Protein chains: 2
Amino acid sequence: MTDSRLLTLLSLLQTSREWPGSELAERLGVSRRTVRRDIERLRDLGYPVEATMGATGGYRLVAGAAMPPLLLDDEEAVAIAVGLSTAARNPVQGIEEASVRALAKLEQVLPSRLRHRVRSLRDATVPLPAEGGPQVDPGALTTLAAAVANRERVRFGYRANDGTDSERLVDPHRLVATGRRWYLLGHDHDRDDWRIFRIDRITGPRATGARITPREPPDGDAAAYVADRLYTLAPTYEAVVTLHTAPTEPIRALGEVTPLDGERCRLHMRGDTLDWLAFHLLALGREFEVHEPPELAAHLHTLAARLTRAAGTPAPQG
Amino acid sequence: MTDSRLLTLLSLLQTSREWPGSELAERLGVSRRTVRRDIERLRDLGYPVEATMGATGGYRLVAGAAMPPLLLDDEEAVAIAVGLSTAARNPVQGIEEASVRALAKLEQVLPSRLRHRVRSLRDATVPLPAEGGPQVDPGALTTLAAAVANRERVRFGYRANDGTDSERLVDPHRLVATGRRWYLLGHDHDRDDWRIFRIDRITGPRATGARITPREPPDGDAAAYVADRLYTLAPTYEAVVTLHTAPTEPIRALGEVTPLDGERCRLHMRGDTLDWLAFHLLALGREFEVHEPPELAAHLHTLAARLTRAAGTPAPQG
DNA sequence: GGGAAGTAGGCCAGATTCCGTCCCACATCT
DNA sequence: AGATGTGGGACGGAATCTGGCCTACTTCCC
């Protein structure tokens, strides 16, 4: 089987319609018998090509044990890149790293003519809720992810907690996502020690090309190490509220829920901005009461006042 | 070149690190000379394999003119599926259809052991803002997208505008996304006419297996046809507000912006729920005034009242 | 500067594989 | 019953792949 025919065949079979062997033969420019042999070989390779018999039959690729190579057209590639970018901004727990890995893998081979489309579409997406803190740049994320995979030293500008800017030279070790924040655990070359960097404070990261030798991370598990030191970097609020509703799925996703009685429950949640907490509580569409922290209660008053001003003269009750 | 070696080689080269030829030879179980030839053939096929010369050199796949087949591991496939699912719930303008196409293509070949992981992760994501209306089910979306591509008749339950349920048999023609809503344009088999279905009102869609013959869509362009008849299906609100800030990028993404003076601008935006409008305005973090519609002003009062109740005793001014 | 390690590619002989063209069996829809 | 589809065996000639050997050139590190 010529190599290109295999890929063409796979891409045809991925279009989720049925292909009669004769049509495949015509498209591939080979005989029908050869198509049958190609299909057979694909099956031997583990790709689950299914065939329906009979007059209206044909071949199609169905779900199997392993992922076949995905053959995407331009639009689909752009859609995936944009989707993963937003996923990087609002990471889904448990697959943060895989999302960025996939994005880096895709961006590595994304044709340049598609890159600007991805960029502009990415910019056009409304970061839906307030999101409070600064948004992490998916481009920086993939640059760093590639550097980690490629074991290359990186250089970037960094704004520390106290506001001072500096230029860093770092051996990246791992990316860690907690909540909606991304961190880079790396070995700072100039300071000769392990440091944790908030990625939204990193500007202009670029690979230096210098190969780095693997180093033992400080405390074994990188994620645990970062989580330990995290709260010194980014203070978070811990909120306690009573909700006037029984626990539901969207509520459980917000934090720890304790049922109080049939109609109320208590929710412990944490977030790094008051806006984030306020919005998610308001989005539940139910009555609630804030117990902790006092800053959140004050913030709700601020928001309520702004809403009242925005609404103008009170509308008739309805 | 054996077929499987081509794919293995491509997957290795996609890991965004450099591979010396000797290592590739070992992994692939062939001689170094053969690896060189394989690389050469990959280049002939159009895949941009780049090599760095010298002692620490190696091969890697870089961006080229065409998308190479993406070879994903399990985690990456799950990450992409989840990312695209959320993208389907909050479609990005201009690539709505491509997103769903990519998702359908991926789901078609997604191993079953990964499906439940996708499902549970998908459920775990908080639909960040209120989102008001019912969420569209990405599973239904991909089922319908596959049926469109596959030209198969579908059967599903539908709840009409007036609340009555019915069972439909439809020849699907196209999916159309407007705003955050998905619609299916199809030919209703029993009523023998074109109909538009809101996908969030479709339950249990499944392909019947019956092949359908292509039919001319009613008014040429499907998207235009749907947009025409759309407002009878889903009433939307048109809001006019004055924002106390100069136009910024996130504001422009919400709707049409007219600058008033250096410090204020007027925004025309539309949305299908009051919650959606309110949240995005509040998320801007600026003062604003609502001119239209009166329902929105009333809704802001409602939200403000709930916030005030939730905050309890007024906090000291800060 | 020199050595080591890497890519790039020509040449050749032998082994392997591929391809098309015959077959025929069986399933399915009209 | 007929048309149209998949599935697969046999065979011979053609094409291709592979490994080994060679040389030329580039780059990094000691």
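I call a residue near a molecule or strand if its C-beta atom, placed from the backbone, lies within 6 Å of it.

**Ground rules.** This is a predicted model, where local features need pLDDT of at least 70, side-chain atom pairs count only at pLDDT 80 or more, and totals for chains, interfaces and linings use all residues. Residues are numbered from 1 along each chain as its sequence is written, with chains lettered from A and ligands numbered from 1 in the order in which they are written.

**DNA strand C.** I found 25 residues around DNA strand C. R33(A), T34(A), G54(A), G21(B) and A51(B) are the closest. I then looked up elements (DSSP runs numbered from the N terminus: helices are H or I, at least four residues; strands are E, at least two). Those giving two or more residues to this surface are α3 (32-44) of chain A, plus α2 (21-28), α3 (32-44) and β2 (58-61) of chain B. α3(B) gives the most, with four residues.

**Chains A and B.** I took contact as C-beta atoms, placed from the backbone, within 7 Å. 95 residues of chain A are in contact with 94 residues of chain B. On the chain A side, α11(A) gives the most, with 13 residues.

**A sheet in chain A.** Strands pair if DSSP finds at least two bridges between them. Five strands form an open, antiparallel sheet in the order β6-β5-β4-β3-β7. Why is one side of β6 (193-198) and of β7 (202-211) left without a neighbour in the sheet? Both strands of chain A stand at the edges, so each has a single partner strand. Six bridges join β3(A) to β4(A). One bridge partner I noted for V154(A) is V170(A), in β4(A).

How values were computed
Contact = placed C-beta atoms within 7 Å.
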